[in-house]
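Subject: Structure handover

Hello,

I am passing on the structure we discussed. My notes on the sheet and its helices follow below.

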Amino acid sequence: MTIWLNGRLMSPAEARIDPADRGFTLGDGLFETIRIKDGKPCHLPRHLDRLTAGVALLRLPLPYGAVELAGAMAALIGATGVADGVLRLTLSRGTGARGVLPPADARPTVLMTAAPAAHMTSPVAAVIARSTRRNEHSPLSRLKSLNYLDSILARQEAAERGADEALLLNTAGRLAETSVATLFLSLGGRLLTPPVADGALPGVRRALILERHGAEEAPLTPDDLARADEAILTNSLGLRPLVAVDGQPVGNGSAGPVLARLLADPDL
């Protein structure tokens with residue numbers, strides 16, 4: 001296995017991240033999960049745009065430009081030989097003294113890994129999480145930050161309740177997303193997804209579906225799940241039918257025509 005760390009390809013055995021790195025001690029950083037297809041990162045400009053927006057919000061230095069990052073990804077994919085899989089870019093603020101205030105002279109840590117990954121298409125049975133909620137008032141709801149504890153709690157709860165996934169409500173009781181995916185509902189002939197203002201992460205594939213397939217943002221509640229003809233979960237690694245929630249079928253309890261249409265789009 002080969003990784004890319006701070007400008008250099010190396011083996012994991014060679015790699016060293018300082019124990020005082022704020023990504024480890026405080027979750028002070030961001031990440032991007034990028035699909036690798038035919039040996040290339042998919043939708044890379046969109047991923048880098050989101051990363052750039054995130055670093056601006058957190059005032060987190062990014063020591064490499066888009067061209068450098070693209071070159072590093074190409075080198076990593078070439079070194080690992082991963083033609084179909086997933087690339088993860090992790091950015092932390094780097095080391096710092098104790099305390100939450102970031103250092104003025106931050107030297108970020110940038111790590112990239114690549115690995116094979118199956119294209120996720122299998123049906124999903126979910127529960128609505130009771131253990132935690134999405135805080136739509138926090139700017140962190142719009143970022144892929146290194147703190148994923150709400151999603152971890154929700155996913156643990158789903159496993160304990162015999163489900164594959166957990167749906168997260170926001171503080172107002174509206175649907176936001178799942179622990180790792182965007183939610184779309186086919187409802188009354190419209191394809192709807194929770195708005196970013198309700199706590200939905202502005203996902204790359206989500207944006208493509210909004211642009212290319214006539215989807216719309218709209219507030220959604222748990223009651224909408226019972227009225228939906230079809231439900232779909234999406235993230236960078238695939239599109240999957242959501243067939244049941246809390247033991248009740250969504251639509252007819254199987255994949256539907258909207259998902260088939262989306263899967264037929266080679267640019268998604």
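In what order do the six strands form the open sheet? The order is β2-β1-β6-β5-β3-β4, with antiparallel pairing. Please bear in mind that the model is predicted.

The edges of the sheet are β2 (8-10) and β4 (40-41). Each has a single partner strand, so one side of each is left without a neighbour in the sheet. Further in, β3 (residues 29-37) pairs with β5 (residues 85-92) over eight bridges, in the antiparallel sense. In that pair, Leu30 stands opposite Leu91 of β5.

Two helices lie across the strands. Helix α3 (residues 66-80) lies across β1 (3-5), β2, β3, β4, β5 and β6 (109-116), and runs at about 40° to β6. Helix α2 (residues 44-58) lies across β3, β4 and β5, at about 180° to β3.

I looked at α2 in more detail. With 15 residues at 1.5 Å a residue, α2 should span 21 Å; its end C-alpha atoms are 21 Å apart, which agrees. The buried residues of α2 are Leu44, His47, Leu48, Arg50, Leu51, Gly54 and Val55. They cover an arc of only 160° around the axis, which puts them on the same side of α2. These buried residues pack against β3, β4, α3, β5 and α5 (204-212). On the face turned away from the buried side, α2 carries the exposed residues Pro45, Asp49 and Ala56. After α2 comes Arg59, with a positive phi near 55°.

Regards

Conventions:
Residues are numbered from 1 along each chain as its sequence is written. This is a predicted model: local features need pLDDT of at least 70, side-chain atom pairs count only at pLDDT 80 or more; totals for chains, interfaces and linings use all residues. Side-chain values use heavy atoms; hydrogens and water are left out. Two strands pair if DSSP finds at least two bridges between them. Helices (H or I, at least four residues) and strands (E, at least two) are DSSP runs, numbered from the N terminus. Contact means heavy atoms within 4.5 Å. Axes are lines fitted to C-alpha atoms, for helices over the stretch in contact, and angles run from 0 to 180 degrees between N-to-C directions. The expected span of a helix is 1.5 Å times one less than its number of residues. Buried means under 20% relative accessible area, exposed over 50%, partly exposed in between (1.4 Å probe, protein chains only). The arc is that of the directions from the helix axis to the C-beta atoms.
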